[in-house]
Amino acid sequence: MKVDFVQKRFSAVKADALVLVLTKEDVGAGNKSAGRSRLISSFPGDTSQLERALAGSGFTGDKDKHITVYSLAKFGVAFLVGAGDESDLSNERLRRAAGVGIREAQLVKATSVVVATLDSVLDETSHYEVVHSLLEGAILGAYKFDKYFTLNGKNPKIASITAAFAPVEASIGKKAAKDAELIGEAVYLTRDLCNAPANEVYPEALADVAVKMARKFHVHARILDEKQIRKLKMGGLLAVNSGSARPPRFITLEYKGDPRSRDWYAIVGKGITFDSGGISLKPSTGMGEMKMDMSGAAAVIGTIQALASLKIPVNVVGIAPSTENLPGGRAYKPGDVVTTMSGITIEVDNTDAEGRIILSDALHYAKRYRPKAIIDLATLTGACVVALGHHATGMFGTSEDTMAQLKDAGEKTFERVWQMPIYEEYEKQIKSDIADVKNVGGRWGGAITAALFLKKFVGDYPWVHLDIAGTAMLEEETDYSQKGSSGVGVRLLTQFFKHIASQR
Ligand code: BES
Ligand code: MG
Ligand code: ZN
């Protein structure tokens, strides 16, 4: 997909489709309003079609409402998408409206699309942000995972998305377009990895994708195989892996964007390529979704790509332990005691609480970098989905600063996070009678006891845990995400690191 900016009025550009995002003020209440005449006069030539559509549809520019006008200016079809009141305009409103519009364009099989707003929007918000948000929403909204459809031919894909604004300086517009394209590509990579079935994305395959990405973006990848994992005594990862016929992998990706600094940040992602629950087998209904139990690892790989392609000046190591969690003759069992790389022992009470077990080794390993902060992402608990649903990531941690910065980044990207407590009173739920810690904490506060479990392995390093179980996997589509993987984490962390880099 080609993403571009042109310093031209949108009406001067030729494409299959136009997505024009309009505020209520742009649409205007009556036919004689200033807004409406501005809208109509933004198109040259015959506007009778447009005037009739506006008058007949009752379209007011309400958010996410849209109308369709055929053969307008140089476009086969134009989608006018509402963004609501001008005073409520935000980056997220622009992203959503562009997402709605691009999907309409896709439905009519348009392959080239122009996205724009009227100039009024530019008065309110920075030009960079308007162009970036529109393109980001359009790119993310255009995502489809259709590689396995072979019958009936494929629908054409959108080949080009162009933002057109005459008043925006070319250098600003081009930069916004490039940035949106790069972040879009990184989110696509993450979504593709998550949506792919587990017979395609298993630990070795996940590691191969990480290595390929690293080569392309000059990141240093190191993949530990089973022998090396054994040598490091990663007993947690090995225990979870023991029921699987496929070997585990331990992925590290070092992105050194600020060579003059010795500061490192570590991002750690859960990479369970399929979670059957193991001996504590899950019910079969919906088990297929657990191909996405590597969403944390995929977000780490996507984030490293985003940081490297955008050349953000920070040093970040991405760490992703990866295995399947399957039952079998050699599988680990409830009652087993596992010694992790840190030396801390775990009593396994339920083999379905496997994410925290593999993360125990990864979090311990992360300390090698003496990181300024460790941030982990994991589809860790159903309890987090019960608590927060699909619209907020659960956030837990010991670093108030990092959490505040993640909260900001979450608001900016709309990958919102919500802090949950890790009071020490919850700890007794994961006390074991025979080992240092037990891997489940009973029925109540399941997302919290999981976080407290992880905390034991980070020592005194500033740490934040993001439980993305609800936000990574969507049961329903949203304005700019299909159902399935959302790719959550990539935009959040990239924004977070942009902020860190800007502070120095
Ligand atoms: N991968 C699951 C968590 C999950 C559930 C993610 C639903 C996304 C949607 C995790 O490994 C798991 O199975 N957790 C158990 C823990 C329990 C046994 C303490 C859970 O949440 O039920
Ligand atoms: Mg599980
Ligand atoms: Zn899991």
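The model is predicted, with local features requiring pLDDT of at least 70 and side-chain atom pairs pLDDT 80 or more, while totals for chains, interfaces and linings use all residues. Residues are numbered from 1 along each chain as its sequence is written, chains are lettered from A and ligands numbered from 1 in the order in which they are written, and side-chain values use heavy atoms, without hydrogens and water.

Ile251 belongs to strand β8, residues 249-256 (strands, E, at least two residues, and helices, H or I, at least four, are DSSP runs numbered from the N terminus). Leaving aside residues up to four places away in sequence, Ile251 touches Leu206, Ala207, Ala210, Arg222, Ile223, Gly318, Ile319 and Ala320 (contact means heavy atoms within 4.5 Å).

The zinc ion (ligand 3) is coordinated at 2.0 to 2.4 Å by Lys270 (NZ), Asp275 (OD), Asp293 (OD) and Glu354 (OE) (donors are N, O and S atoms within 2.8 Å of the metal, or 3.2 Å for Na, K and Ca; water is not among the atoms, so sites may look incomplete). The six donor atoms subtend angles of 78 to 174°, so the arrangement is octahedral (six donors, opposite ones over 155 degrees apart and all others between 65 and 115). Asp275 bridges the zinc ion (ligand 3) and the magnesium ion (ligand 2), which lie 3.2 Å apart. Asp275 in strand β10 (residues 271-275) and Glu354 in the loop between β13 (345-347) and α12 (355-366) are 79 residues apart. Both Asp275 and Glu354 are buried.

Methods. Tetrahedral: all angles 85-135°; square planar, octahedral: opposite > 155°, others 65-115°. Buried < 20%, exposed > 50% of the residue type's maximum accessible area, 1.4 Å probe, protein only.
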